[in-house]
Amino acid sequence: IIVSFNKPENAKQDYKQRWQIEMCFKAMKSSGFDIEKTHLKDIQRLEKLVLLVMIAFVWCYKVGIYLHKICPIQIKKHRRKAKSIFKYGLSFIANALLNSENQYDTNLFQFLSCT
């Protein structure tokens with residue numbers, strides 16, 4: 001009701017956009033970067049952290065989109081993806097950068113240059 005109060009014909013699109021914002025906040029908080037655990041109080045430091053986290057979020061999201069095109073995320077019985085596009089990208093980047101034996105046989109320099 002609140003979403004569609006002014007223009008009910010746009011309710012579905014408006015809610016979809018709002019849901020994207022909620023998922024972004026979730027990625028910044030509990031489901032991804034966990035920025036709340038920093039306990040920063042200084043506004044300038046917090047601004048810098050949020051800026052860096054947003055850059056990282058966009059990077060993970062773009063990589064997730066690319067990976068989803070190559071190997072689509074599994075759809076569960078309830079018709080939702082098994083994991084988010086963001087998580088797909090984050091997992092891949094973390095594995096590629098932190099795994100010393102690069103199990104994906106990815107040329108990291110080529111990968112980093114195209115993202």
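A quick definition to start: buried means under 20% relative accessible area, exposed means over 50%, and partly exposed is in between, using a 1.4 Å probe and protein chains only.

Some ground rules: this is a predicted model, where local features need pLDDT of at least 70 and side-chain atom pairs count only at pLDDT 80 or more, while totals for chains, interfaces and linings use all residues. Residues are numbered from 1 along each chain as its sequence is written, and side-chain values use heavy atoms, with hydrogens and water left out.

1. **The salt bridge.** Asp 34 pairs with Lys 37, their closest N and O atoms being 3.6 Å apart. The rule asks for a side-chain nitrogen of Lys or Arg within 4 Å of a carboxyl oxygen of Asp or Glu, and the count comes to one salt bridge. Lys 37 is exposed at 62% relative accessibility, whereas Asp 34 is partly exposed at 26%.

2. **The loop between α1 and α2.** Asp 34 sits in this loop, with α2 covering 43–70. Helices here are DSSP runs of H or I, at least four residues long, numbered from the N terminus. Have a look at the backbone: phi of Asp 34 is near 55°, a positive value in a non-glycine residue. His 39 lies in the loop too, and has a positive phi of about 55°. Most residues other than glycine have a negative phi. His 39 is exposed, at 63% relative accessible area.

3. **The core.** The largest nonpolar core has 16 residues, and Met 28, Phe 57, Cys 60, Val 63, Leu 67 and Phe 86 have the most contacts inside it. Such a core is a set of buried Ala, Val, Leu, Ile, Met, Phe, Trp, Tyr and Cys residues joined through side-chain atoms within 4.5 Å. The elements giving two or more residues to it are α1, α2 and α3 (85–98), and α3 provides the largest share, six residues.

4. **Around Cys 60.** Which residues does Cys 60 contact, leaving aside neighbours within four places in sequence? They are Phe 33, Ile 85, Phe 86, Gly 89, Leu 90 and Ile 93, with contact meaning heavy atoms within 4.5 Å.

5. **The annotated span.** UniProt, in an unreviewed entry, places a "transmembrane region" at residues 49–67. Its annotations may be inferred rather than shown by experiment, and its positions are given in the numbering used here. In the model, residues 49–67 are 100% helix and 0% strand, with the end C-alpha atoms 27 Å apart.
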